[in-house]
Amino acid sequence: MKKMIAVLAAMVMLCCCAFASAETLLYATNPEYPPFESMDDNNQVVGYDVDLINAIGEKIGIEFQAEPMAFDAVVSSVQTNPNMIGLSGISITDERKLSVNFSDGYIDAGLVVVMKADAGFKTMDDLKGKLIGVQQGTTSDFKAEEITGQENVMRYATFIDAMLSLQGNKVDAVIVDAPVGQAILASMNDPSLIITDIDLGAADWYGIAVNKDNVELLEKINAALAELKAEGFLDTLASKYFGSAE
C-alpha cells in the first residue's frame with residue numbers, strides 16, 4: 001500500500017511539473033486591426049502581433065492565447081487581471097502608463113493622414129474644422145481632437161469603418177497608424193484614396209501592456225524582445241507584413 005501511495009505521489013508531482021512548465025496566459029486583443037491582428041478563415045487570430053507574442057512565448061516558456069475584445073477594453077482588462085497581457089497595436093502613452101506597465105517599444109507605427117486624392121490638404125492647418133475619422137480610443141483619436149476639435153472627430157469601432165466612411169464622403173480625412181492604413185488601402189484597392197505627406201510630428205511606439213503587479217513577467221518579455229531584435233526577427237516580421245524592414 002505504501003508503495004502504491006509513493007507511486008501515486010510521484011505521478012502527481014510529474015503532472016504538477018508538466019503543468020507548471022506549460023504555463024498558459026491570455027492576451028487581450030482586438031482582432032480588427034490588420035496587419036497586426038485579424039481573424040482568418042478558420043476563426044483564428046493572426047497577424048504581426050500574433051507572430052511576435054508566439055516568438056516571445058517560446059523564449060520565456062509561456063503559451064499565450066488570444067482573448068478577443070473591443071480595443072478600448074484591452075488596457076482596462078490588463079489593469080484588473082495580473083495574469084493577462086495586452087497586445088493589440090497599443091501605443092505607449094503617458095495616460096495608459098497610469099493603468100499598466102509597458103514593454104519596450106517594438107515598432108514605431110507613426111500616424112498618417114488618409115484623404116481623397118483631390119482633397120488638396122497639405123498641412124495640419126488644412127485639417128482644422130474638417131471631419132476626421134478615427135478608431136475610438138486610439139492615439140489617432142487623440143491627435144484628431146487636437147487638430148480639429150472634439151466636435152469634428154468621428155469615432156468608429158475600427159479603422160476599416162473610418163476608411164469606408166471616407167470612401168463614402170462621410171468624413172474629410174482619416175488619421176491612422178501608417179502600416180495599418182497601408183494595409184487597409186491595399187485591400188480596398190481604391191485609387192481615389194491616398195496617404196498624404198502631412199507630418200503629424202510624433203512617433204507612435206507600440207508596446208505590450210502588462211499588469212503593474214507582474215513585474216517579473218514584464219522583465220521576461222523585455223529580455224525576449226531584446227533577443228528577438230538582436231536576432232533580426234523584428235526585421236523579418238516587417239518584411240513579412242509591410243514588405244520592408246522598419
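How many cavities of 30 Å³ or more does the structure hold? The structure holds one. A cavity here is a set of points, on a 1 Å grid over the protein atoms alone, where a 1.4 Å probe fits but cannot get out. Grid points are joined across faces, edges and corners, and a volume is the space filled by probe spheres set on the points.

This is a predicted model, in which local features need pLDDT of at least 70 and side-chain atom pairs count only at pLDDT 80 or more, while totals for chains, interfaces and linings use all residues. Residues are numbered from 1 along each chain as its sequence is written, and side-chain values use heavy atoms, with hydrogens and water left out.

Start with the whole chain. It has nine helices and 15 strands. These are DSSP runs numbered from the N terminus: H or I of at least four residues for helices, E of at least two for strands. Of the 246 residues, 46% are buried. Buried means under 20% relative accessible area, exposed means over 50%, and partly exposed lies in between (1.4 Å probe, protein chains only). Among contacts (heavy atoms within 4.5 Å) between residues at least 6 apart in sequence, 69% join residues at least 24 apart. The chain exposes about 12400 Å², and carbon and sulfur atoms supply 53% of that area. Accessible areas come from the Shrake-Rupley method with a 1.4 Å probe; for residues, only the protein chains shown count as cover.

Now go inside. The largest cavity holds about 40 Å³ of space. Its lining residues, which have an atom within 4 Å of a point, are Y33, F71, G89, S91, R96, T138, T139 and D177. By class, two are nonpolar, four polar and two charged. Ala, Val, Leu, Ile, Met, Phe, Trp, Tyr, Cys and Pro count as nonpolar, Asp, Glu, Lys and Arg as charged, and the others, Gly among them, as polar. Domain 1 (18-108 + 205-242) and domain 2 (111-195) each give at least three residues to this lining. The domain bounds come from an automatic or database domain assignment.

Next, the open spaces. A pocket is an open set with protein on both sides within 12 Å along at least five of seven lines. The largest pocket has about 300 Å³ of space. Of its 15 lining residues, Y106, I107, W205, K229 and L234 are the closest to its centre. β8 (107-108), α8 (215-230) and α9 (233-242) are the elements that give two or more residues to this lining. The largest share, four residues, comes from α8. The lining has eight nonpolar, two polar and five charged residues.

The second largest pocket has about 170 Å³. F71, D72, V75, S76, E95, R96, S99, G137 and F142 line it.

Finally, look at the loops. P35 sits between β2 (32-33) and β3 (37-39). The peptide bond from P34 to P35 is cis, with omega near 5°. N43 lies in the loop between β3 and β4 (45-46). Its phi is near 65°, a positive value in a residue other than glycine. N43 counts as exposed because its relative accessibility is 56%. N189, between α7 (178-188) and β13 (193-195), has phi near 50°, also positive. N189 counts as exposed because its relative accessibility is 64%. T123, in the loop between β9 (111-116) and β10 (132-135), counts as partly exposed because its relative accessibility is 38%. The C-alpha atoms of T123 and I198 are separated by 5.4 Å, with the two residues 75 apart along the chain.
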